[in-house]
Amino acid sequence: MEPRKIIPAVSVAVVRGKTVLLVKRARAPSQGLYAYPGGKVEPGETLAQAAARELKEETGLEAGDYRPLRDIHIDGSVENHAVDYLLTVFGADYAGGEPVASDDAETAAFYSLAEMAAMPLAGDVFEVAEELLGPAQDNGRQLS
């Protein structure tokens, strides 16, 4: 069996006070789930440049102080994708404006950890938010 192609991708967790920006994904992977804005890295882009571009395309926002937080391997075969993704998750600081969903985002808004605890989230979204915002106090989220 041939090894699966791995595509570099990015997402960015923008922090505003005690909230973090999430989009509801309109397309696979993770369609219908809340996640950080992001997408594929274009040829010639650095990972940070791709994160800033994807944030702007999906929400209209700009942010500052981009810093890589973790790398996540996403197995595309789970959703019948022909490729896998190596997702670099960035943290960034809110720089102003209000998010407007566009591109492949269905919605875009800032959420607290308490609000996120009841939402359908993609992958490591909640854990990354806890790293950025501090642990939630009795947030009711069930760990599986």
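Before going on, the basis. This is a predicted model, in which local features need pLDDT of at least 70, side-chain atom pairs count only at pLDDT 80 or more, and totals for chains, interfaces and linings use all residues. Residues are numbered from 1 along each chain as its sequence is written, and side-chain values use heavy atoms, with hydrogens and water left out.

Helices (H or I, at least four residues) and strands (E, at least two) are DSSP runs, numbered from the N terminus.

Let me stay with helix 1. Helix 1 covers residues 47-59, and its 13 residues should span 18 Å at 1.5 Å a residue. The expected span is 1.5 Å times one less than the number of residues. The end C-alpha atoms of helix 1 are 18 Å apart, which agrees.

Now burial. Buried means under 20% relative accessible area, exposed means over 50%, and partly exposed is in between, with a 1.4 Å probe and protein chains only. In helix 1 the buried residues are Ala50, Ala51, Arg53, Glu54, Leu55, Glu58 and Thr59. The cover over these residues includes strand 1, strand 2, strand 4 (38-40), strand 5 (63-74), strand 6 and strand 7, where contact means heavy atoms within 4.5 Å.

Glutamate 54 forms a salt bridge with arginine 53, the closest N and O atoms being 3.1 Å apart. A salt bridge here is a side-chain nitrogen of Lys or Arg within 4 Å of a carboxyl oxygen of Asp or Glu. Glutamate 54 and arginine 53 are both buried. Through shared partners, salt bridges join Glu42, Glu45, Arg53, Glu54 and Glu57 into one network.

The structure holds 14 salt bridges. One of them pairs arginine 4 with aspartate 84, with the closest N and O atoms 2.6 Å apart. Arginine 4 lies in the segment before strand 1 and aspartate 84 in strand 6, so this pair ties together parts that are 80 residues apart in sequence. Arginine 4 is partly exposed at 30% relative accessibility, while aspartate 84 is buried, with a relative accessible area of 6%.

Another salt bridge joins arginine 27 to aspartate 104, with 3.9 Å between the closest N and O atoms. Arginine 27 is in the loop between strand 2 and strand 3, and aspartate 104 in the loop between strand 6 and strand 7 (105-111), 77 residues apart. Arginine 27 counts as partly exposed at 45%; aspartate 104 is buried at 10%.

Next, the cores. A nonpolar core is a set of buried Ala, Val, Leu, Ile, Met, Phe, Trp, Tyr and Cys residues joined through side-chain atoms within 4.5 Å. The largest has 26 residues, and those with the most contacts inside it are Val20, Leu22, Tyr36, Met116, Met119, Leu121 and Val125. Strand 1 (6-16), strand 2 (19-25), strand 3 (34-35), strand 6, helix 2 (113-116) and helix 3 (125-133) each supply at least two of its residues. Helix 3 gives the largest share, five residues. Apart from this core lies another, of 13 residues, among them Val14, Ala50, Ala63 and Phe110.

That brings in the rings. There are three aromatic pairs in the whole structure. Rings of Phe, Tyr and Trp (its six-membered ring) pair if their centres lie within 6.5 Å; planes under 30 degrees apart count as stacked, over 60 as edge-to-face and the rest as tilted. Tyrosine 34 and tyrosine 111 are edge-to-face, at 5.9 Å centre to centre and 75° between the planes. Tyrosine 34 is in strand 3 and tyrosine 111 in strand 7, 77 residues apart. Tyrosine 34 is buried at 14%, and tyrosine 111 is buried at 16%.

Tyrosine 94 and phenylalanine 110 have ring centres 5.4 Å apart and planes at 85°, so this pair is also edge-to-face. Tyrosine 94 is partly exposed at 27%, whereas phenylalanine 110 is buried at 11%. Arginine 16 lies over the face of tyrosine 94, at 5.2 Å from the ring centre. The charged end of arginine 16 also sits over the ring of phenylalanine 110, 4.0 Å from its centre. The criterion is NZ of Lys or CZ of Arg within 6 Å of the ring centre and within 35 degrees of the ring normal.

Threonine 88 lies in strand 6 (residues 84-94) and is buried, with a relative accessible area of 6%. Not counting residues up to four places away in sequence, threonine 88 touches Ala9, Val10, Ser11, Leu47, Pro68, Arg70 and Asp71.
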